[in-house]
Amino acid sequence: MDQPKRQSGKSRPGLVRARERKGLTQEEAAELVGVSATTWARWERAEQSMRPVYRVRIALVWQVSVEEAEGWLAVEQPHIESVSALDERDDGAEGCAESACRLWRWEIDTTRRHLLTALPFTPAILGEWLLSWSFDPPTTTSSPSPGSVRVGMTEVQAIQEAHQAFTRMDHQYGAGLVRPAVMDFLNSRVAPLLQGSASEDVRAQLFTVVSQMSRLAGWMAYDLAQHGQAQQHLGQALKLAKQAGDGLTGAWALATLAQQACDLKQRRWAIRLAGAAVEAARRAGAPSRVTAELLIRQARALAVADDDREHHDAHTVGEVAKLLAQAETAFDRDSSGRDATWSATFTEAELAAEIGYCWQLAGQHQRAATCAEQALKGFGSDFPRSTHFNQLHAARSYLELGELEQSLHYARRAVPAAKQLASVRGRALMDDFAQRLQSRSSDRRVREFEDYRHSALTG
């Protein structure tokens with residue numbers, strides 16, 4: 001790509017004046033927003049477009065409306081627009097590491113954390129990430145600075161073990177209790193390693209395990225319904241996997257983004273992301289059970305409703321059924337290919353749970369209830385959040401089938417965990433079920449359940 005010609009003067013004087021009113025240098029403004037000083041300078045010279053997420057961040061930092069911040073981007077002089085949205089990403093492995101470390105610093109900085117938690121989910125960014133994942137080659141790093149930390153496989157293994165431990169705690173207690181420890185670990189322990197020196201092989205494996213940790217940080221933010229924040233970490237996980245040349249880890253980041261898009265009713269993006277995840281896993285020679293899990297994510301994307309329709313036609317239901325059948329076949333095959341540590345929890349119970357949720361989204365409630373009950377028989381004490389979700393899925397399906405007593409049976413069993421788990425998603429599922437019961441509020445059994453729920457959750 002040809003380099004832009006530098007323009008004389010300031011092409012975005014509104015942005016310059018806004019920075020100067022706060023008494024900031026370009027470096028200080030860039031640090032506040034979370035980009036490099038070079039990127040900020042390009043913005044001021046109108047040599048680079050600005051992604052929506054950064055427009056929102058500027059509005060939050062300057063405490064103005066997004067509309068006012070948009071006005072600062074007006075260009076008063078002709079310029080050559082030659083840097084596309086794809087060029088706004090942090091270039092190469094070094095830029096990827098730098099942006100990851102910056103994101104983690106923001107997470108533990110009390111003066112900046114609120115900017116992350118206030119970020120909205122931004123669908124437009126997903127297209128950039130997909131293009132970059134599909135077409136940009138990974139790059140190598142330059143020589144590390146003198147005195148940088150030397151990284152070996154011992155450090156890589158330590159991060160992997162920490163990831164497994166944090167994942168177990170997340171299943172047990174929910175993200176609210178565990179996530180602060182994850183962010184502290186990333187900022188204090190992982191960041192120095194990511195900026196250290198290592199052999200080419202160790203560097204690739206380091207980027208892989210750090211990608212998995214970043215995905216976990218994003219997953220936990222998602223469990224807490226902090227969707228813009230979650231999106232940033234999941235996107236960072238995808239970039240790290242790209243630099244590691246690790247298609248399997250990248251597939252899992254894409255699948256998690258697809259799940260988030262499903263829950264936010266972004267069906268078109270969910271389908272694209274889930275399809276990209278399946279393709280990345282195929283190219284990486286994924287084990288059959290990993291393929292099964294990703295096929296289910298693809299089925300979920302097809303099954304999710306959107307603003308244009310509430311009910312699925314027979315063709316869509318048939319396509320969902322086809323993908324779920326393929327997933328079950330893949331799950332039953334002997335696993336081959338590289339093992340994926342993050343798929344260790346994908347048991348028969350989890351398979352049934354995921355299939356059941358797809359059927360519920362597709363409006364097939366008898367099938368959904370059967371799968372949810374099957375999953376509940378298989379979950380052990382190590383997965384209280386999964387048990388909680390499936391109790392509520394069973395309750396919802398039986399309610400849709402008109403079997404109130406069976407529905408309330410599962411809902412009552414789910415109530416204690418709604419208080420014990422630090423999971424916003426779990427509480428939202430319980431609230432959604434309670435809302436659906438309102439049409440039956442005259443039934444004595446419903447009133448008794450509501451009294452029990454209110455007492456248990458507020459006592």
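Morning, everyone. A caution before the details: the model is predicted.

Let's begin with helix packing. Two packed helices are described by the angle between their axes and the distance between the axes. Take helix 16, residues 314-332, and helix 17, residues 348-361. Their axes come within 11 Å and cross at roughly 175°. An angle over 145 degrees counts as roughly antiparallel, so that is the label for helix 16 and helix 17. Which residues make the contact? From helix 16, we have Val 317, Val 320, Ala 321, Leu 324, Glu 328 and Phe 331. From helix 17, the partners are Glu 348, Leu 351, Ile 355, Cys 358 and Trp 359.

Next, Arg 297. This residue sits in helix 15, residues 288-303. Is Arg 297 buried or exposed? Buried: its relative accessible area is 6%, and the cut-off for buried is under 20%. Setting aside neighbours within four places in sequence, Arg 297 contacts Trp 252, Ala 255, Gln 259, Ala 274 and Glu 354.

Now the salt bridges. Side chains of opposite charge can pair when their charged atoms come close. How many salt bridges does the structure hold? There are 26.

One is Glu 31 with Arg 105, at 3.5 Å from N to O. This pair links distant parts of the chain. Glu 31 is in helix 2, residues 26-33, and Arg 105 is in helix 6, residues 92-108. They are 74 residues apart. Glu 31 is partly exposed at 25% relative accessible area. Arg 105 is partly exposed too, at 35%.

Another is Arg 436 with Asp 432. The closest N and O atoms are 2.9 Å apart. Both residues belong to helix 21, residues 424-436. They are four residues apart, so about one helical turn separates them. Arg 436 is partly exposed, at 32% relative accessibility. Asp 432 also has 32% and counts as partly exposed.

Then Arg 453 with Glu 450, at 3.1 Å, N to O. The two lie three residues apart in helix 22, residues 444-458, about one turn of the helix. As for shared partners, salt bridges join Glu 31, Arg 105, Asp 109 and Arg 112 into one network.

Last stop, the surface. Met 169, Tyr 173 and Leu 177 form a nonpolar patch there. Together they have about 300 Å² of accessible area. Tyr 173 is in helix 9, residues 153-173. With 41% relative accessibility, Tyr 173 counts as partly exposed.

That's it from me.

Notes:
Residues are numbered from 1 along each chain as its sequence is written. This is a predicted model: local features need pLDDT of at least 70, side-chain atom pairs count only at pLDDT 80 or more; totals for chains, interfaces and linings use all residues. Side-chain values use heavy atoms; hydrogens and water are left out. Patches are made of residues with over 30% relative accessible area and no salt bridge: like charges are joined within 9 Å, nonpolar side chains (Val, Leu, Ile, Met, Phe, Trp, Tyr) within 5 Å. Accessible areas come from the Shrake-Rupley method with a 1.4 Å probe; for residues, only the protein chains shown count as cover. A salt bridge is a side-chain nitrogen of Lys or Arg within 4 Å of a carboxyl oxygen of Asp or Glu. Buried means under 20% relative accessible area, exposed over 50%, partly exposed in between (1.4 Å probe, protein chains only). Axes are lines fitted to C-alpha atoms, for helices over the stretch in contact, and angles run from 0 to 180 degrees between N-to-C directions. Angles under 35 degrees count as roughly parallel, over 145 as roughly antiparallel, 65 to 115 as roughly perpendicular and the rest as oblique. Contact means heavy atoms within 4.5 Å.
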